[in-house]
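Me: I would like to go through the features of a model one by one, with the general idea first and the case at hand second. Could we begin with accessibility?

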Amino acid sequence: MQRNRKVQMILTRQPTMEGAGVHLNRVFGHGQSPRFDPFLMLDDFRSDTPEHYLKGFPWHPHRGIETITYVLRGDVEHGDSLGNTGIITSGDVQWMTAGSGIIHQEMPKGDTTGSMHGFQLWANLPAAQKMMAPRYRDITADRIPAIEQENGTRIKVIAGSLGGVRGPMDDIVIDPEYLDCTVPAGQTFFHPTNPTYTAFIYVIDGSGQTEGVALENGRVVLFDEGEQLAVSAFDEPLRFLLLTGKPLKEPVAWRGPIVMNTQAELETAFREFRDGNFIKDQ
């Protein structure tokens, strides 16, 4: 019999402001990141008020991490120091590996009704890959497989595999699972996990429970180790993001958009940014 993961920590999103004045909700961040290893931060930028997001995130650097942007509604324009430009839209995912360094901008535009709904996750890179070549993977909605289980639970598989279906993201160092799950009213979703991997869910709609803990929109639940998750919906469908990943168990030196392993590496990164040699030849 598989052992259900117990709840280790419960958090509720908190309003904050980032970029040039973007109103968003921080699900977890700097203070909680050691317990979410290898994940560093999760932001919820769902908004129906354009003036809360249109100023966006002008040019800024990243090094040592990956940023994963998942858009539910609206458009996000992006550009970078490597000359890449593009737009991700409803249902799309952008998986950016900053690696040795990239300077980019992200400008939310919303949809025709003024809605801009999505999430950005930061994942750490291990010391051995901190200075890998930067890369983008833009994944359109039609490339993300969706499966339906016998009890009606629907899962979009962004990364990882489930029921023989593999998501489009592979070759990721932390071996992540990234699932968008919707459990029908009155049903329970059971999901096997690597017992030693970090696992959490972030509720984005509906209500339910896991291991006796009430679930509602904006609540994140971090689990202890175990063989599976069990998440139940109450009298309405329950939708949540499910993330698992291999912990790095390495020291973290983090300032703003740059995450390294030592303070000396941080100082080097910011000095190079000031001196104009932050971007490395690849």
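Me: Is Phe 278 buried or exposed?

Reply: Buried means under 20% relative accessible area, exposed means over 50%, and partly exposed is in between, with a 1.4 Å probe and protein chains only. Phe 278 has a relative accessibility of 2% and therefore counts as buried. Phe 273, by contrast, is partly exposed, with a relative accessible area of 35%. The model is predicted, so local features need pLDDT of at least 70 and side-chain atom pairs count only at pLDDT 80 or more, whereas totals for chains, interfaces and linings use all residues. Residues are numbered from 1 along each chain as its sequence is written, and side-chain values use heavy atoms, with hydrogens and water left out.

Me: How many aromatic pairs does the structure hold?

Reply: A pair of aromatic rings is described by the distance of the centres and the angle of the planes. Here, rings of Phe, Tyr and Trp (its six-membered ring) pair if their centres lie within 6.5 Å, and planes under 30 degrees apart count as stacked, over 60 as edge-to-face and the rest as tilted. The structure holds ten such pairs. In one of them, the ring centres of Phe 119 and Tyr 202 are 6.1 Å apart and the planes meet at 80°, so this pair is edge-to-face. Phe 119 belongs to strand 11 and Tyr 202 to strand 19 (residues 198-205), so the pair ties together parts that are 83 residues apart in sequence; helices (H or I, at least four residues) and strands (E, at least two) are DSSP runs, numbered from the N terminus. Phe 119 and Tyr 202 are both buried. The rings of Phe 273 and Phe 278 also make an edge-to-face pair, because their centres are 5.8 Å apart and their planes stand at 80°.

Me: Which residues touch the most other members of the largest nonpolar core?

Reply: A nonpolar core is a set of buried Ala, Val, Leu, Ile, Met, Phe, Trp, Tyr and Cys residues joined through side-chain atoms within 4.5 Å. The largest core has 31 residues, and Phe 28, Phe 36, Phe 39, Leu 121, Tyr 178 and Phe 200 touch the most other members. Apart from this core lies another, of 20 residues, among them Leu 179, Cys 181, Leu 229 and Ala 233. If neighbours within four places in sequence are set aside, the contacts of Phe 28 (heavy atoms within 4.5 Å) include Leu 11, Leu 121 and Phe 200.

Me: Where does the largest pocket draw its lining from?

Reply: On a 1 Å grid over the protein atoms alone, a cavity is a set of points where a 1.4 Å probe fits but cannot get out, while a pocket is an open set with protein on both sides within 12 Å along at least five of seven lines, and lining residues have an atom within 4 Å of a point. Grid points are joined across faces, edges and corners, and a volume is the space filled by probe spheres set on the points. The largest pocket has a volume of about 410 Å³ and 24 lining residues, of which Glu 18, Asp 43, Phe 57, Gln 120 and Trp 122 lie nearest its centre. Strand 3 (22-28), strand 4 (39-44), strand 5 (57-62), strand 10 (102-110) and strand 11 (117-124) each supply at least two residues of that lining, and strand 5 gives the most, with four. By type, the lining of the largest pocket divides into 13 nonpolar, seven polar and four charged residues, where Ala, Val, Leu, Ile, Met, Phe, Trp, Tyr, Cys and Pro count as nonpolar, Asp, Glu, Lys and Arg as charged, and the others, Gly among them, as polar.

Me: How much space lies in the second largest pocket?

Reply: The second largest pocket holds about 210 Å³ of space. It is lined by 15 residues, and Gly 160, Ser 161, Asp 175, Pro 176 and Glu 177 are the closest to its centre. The lining of the second largest pocket divides into five nonpolar, five polar and five charged residues.

Me: What should I look for in the backbone angles?

Reply: Most residues other than glycine have a negative phi, and most peptide bonds are trans. In this model, Asp 175 has a positive phi near 50°; it lies in the loop between strand 16 (165-166) and strand 17 (177-183) and is partly exposed, with a relative accessible area of 44%. Glu 211 also has a positive phi, of about 50°, and is found in the loop between strand 20 (207-210) and strand 21 (213-216). Finally, a cis peptide bond, with omega about 15°, joins Asp 37 and Pro 38, and Pro 38 lies in the loop between helix 1 and strand 4.
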